[in-house]
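Have the structure open as you read.

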Amino acid sequence: MTTPNYPQNLQLYINGAWHGKEGRETIPVINPATGEALADLPLATKADLDAALEAANKGFYKWRAVDVNERGAKLHKVADLIRERTDHIAALLTMEQGKPIAEAKGEVASCAGTFDYFAEEAKRIYGRVLMRPTGQRAMVLKQPVGPVAAFSPWNFPVSLMSKKMAAALAAGCSIIAKPPEETPASTIAIMQCVVDAGIPGDAAQLVYGVPDMVSRHLIASPTIRKISFTGSVPVGKHLLKLCADGVKRTTMELGGHAPVLIFDDCDLDRAITMASMTKFRNAGQICISPTRFYVQEGIYDAFAKGFAERTAQIKVGNGLDIDNAMGPLANSRRPDAIEALVEDARTKGANILTGGERGNSSGTNDGNFYKPTIIKDVPMDADIMSNEPFGPVALIRPFKTFDEAIEQANRLPFGLAGYAFTENGRQANMVADALEVGMVGLNSFVISTADAPFGGVKESGFGSEGGPEGLESYLVTKAVHQY
Ligand code: NAD
């Protein structure tokens with residue numbers, strides 16, 4: 001695989017045309033593995049957003065009228081083009097986001113899978129007929145909600161934008177996507193696939209900008225009927241307040257702090273292997289990343305020792321080098337945040353088994369590297385036990401009883417993902433019932449698939465992406481009574 005040159009003409013896609021730097025402010029895009037500037041990204045002006053809103057309004061009425069089979073065929077075409085361009089898109093993703101190239105290819109593949117899934121699901125938008133006296137009927141119709149504004153983050157730039165775009169387009173909505181400014185080239189490359197597949201330029205548009213200005217402007221517009229946001233809890237709450245004014249529908253996929261319950265009767269080697277493979281994916285910058293490991297007393301030391309030994313072997317460096325299993329953190333805010341949380345835990349008496357400092361395996365300190373870190377005996381008053389680290393840090397604490405483990409798992413205001421490792425089927429079912437989360441993994445961390453709902457409860461948000469529920473979230477219900 002050859003590494004492409006990073007594109008120098010990053011552009012917005014508004015009303016069927018690409019728009020570059022002319023007349024717009026720009027910000028630099030930084031390679032997180034090296035700290036070097038890759039290119040300048042133009043930021044949307046208010047006039048750009050108004051043009052996008054006008055197009056989205058017109059585009060919605062045209063796109064919703066397109067037959068579902070044709071909509072589905074175009075979405076399949078997007079998936080085909082993404083697959084053809086995988087190497088190119090994945091290399092851009094690694095250069096601007098940092099994740100290892102194998103993970104970047106996996107993300108691009110899942111993005112294509114999402115377009116394929118919703119291409120099919122578009123054909124399964126059903127209503128109901130309610131029977132009435134002879135000659136009369138009532139009908140329940142499902143219709144597209146209207147133009148959508150979608151805000152997606154930098155940890156999975158390609159797949160998270162795709163979940164929103166594929167589902168909205170499948171439902172018959174138009175969409176203005178604002179992916180993260182940190183990682184634009186990969187999302188522009190996906191948008192090019194959408195354009196090349198023949199999706200109309202007023203049905204799907206792409207903008208970057210100052211996030212607060214863009215979200216305020218789009219949410220305030222009566223054109224926008226639905227907001228979909230993936231990101232942090234504070235920003236989610238802020239956007240919800242803005243949405244309240246216009247009573248806009250929302251899907252909020254916010255942060256987590258996922259508990260993992262490791263019971264004495266589990267397959268210990270499987271639990272250790274899967275934990276060390278999963279925790280450091282995307283350098284731990286995953287909202288469903290397993291983070292708080294509660295381990296039953298009988299296997300506490302063995303689990304911690306095995307997990308730390310495997311973790312210490314993870315090679316960290318530039319994601320373009322296929323020998324590296326973990327890349328840098330995506331931006332310079334992340335190592336600062338993680339360093340503060342780890343130092344607080346260390347000061348309060350936690351036992352750092354491996355990692356606990358910046359740097360990569362070659363011993364250099366360029367880029368935003370932080371070493372894979374395992375912390376044992378973390379005191380309950382350490383900030384990291386309550387604040388999502390969103391980085392390569394696993395926390396381990398012991399528990400005695402099932403009830404104690406569940407109480408610990410549920411103690412935070414977040415409820416996105418939770419996991420358990422046990423060979424006792426009844427105990428597994430009891431965990432699944434008791435965890436206050438939107439997604440549970442039993443003897444597995446694989447919980448994000450195109451055909452399953454993805455979303456949380458409590459302050460982790462509401463609504464689902466993926467599965468039939470993901471399509472449903474872009475539909476509204478209308479009852480028609482005929483006498
Ligand atoms: P942040 O809270 O500033 O931003 C989070 C995301 O929201 C970013 O993608 C950002 O571009 C976007 N954003 C920020 N302000 C916005 C606004 N006014 N309108 C629209 N979008 C806005 O934090 P950050 O430093 O980028 O990320 C740190 C935290 O965010 C992490 O600790 C993690 O908890 C959370 N996060 C969660 C996810 C997720 O998948 N749920 C993804 C990325 C970040």
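A residue counts as near a molecule if its C-beta atom, placed from the backbone, lies within 6 Å of it. The model is predicted. The shell around the ligand holds 22 residues.

**The shell around the ligand**

- Pro153, Ser215, Gly231, Ser232 and Cys287 come nearest to the ligand.
- The most comes from α8, with 4 residues.
- By residue class, the shell has 11 nonpolar, 7 polar and 4 charged members.
- Both domain 1 (12–254 + 460–482) and domain 2 (258–442) supply at least three residues to the shell.

**Asn15: positive phi in a loop**

- Asn15 is not a glycine, yet its phi is positive, near 50°.
- Asn15 sits in the loop that runs between β1 (12–14) and β2 (17–19).
- Is Asn15 buried or partly exposed? Asn15 counts as partly exposed because it has 18 C-beta neighbours inside 10 Å, and burial takes 20 or more.

**Phe390: positive phi in another loop**

- Phe390 also has a positive phi, about 50°, without being a glycine.
- Its loop lies between β15 (373–376) and β16 (393–399).
- Is Phe390 buried or exposed? Phe390 has 25 C-beta neighbours inside 10 Å, so it counts as buried.

Note on methods
Residues are numbered from 1 along each chain as its sequence is written. This is a predicted model: local features need pLDDT of at least 70, side-chain atom pairs count only at pLDDT 80 or more; totals for chains, interfaces and linings use all residues. Helices (H or I, at least four residues) and strands (E, at least two) are DSSP runs, numbered from the N terminus. A residue is buried if 20 or more other C-beta atoms lie within 10 Å of its own, exposed if 12 or fewer, and partly exposed in between; C-beta atoms are placed from the backbone. Ala, Val, Leu, Ile, Met, Phe, Trp, Tyr, Cys and Pro count as nonpolar, Asp, Glu, Lys and Arg as charged, and the others, Gly among them, as polar. Domain bounds come from an automatic or database domain assignment.
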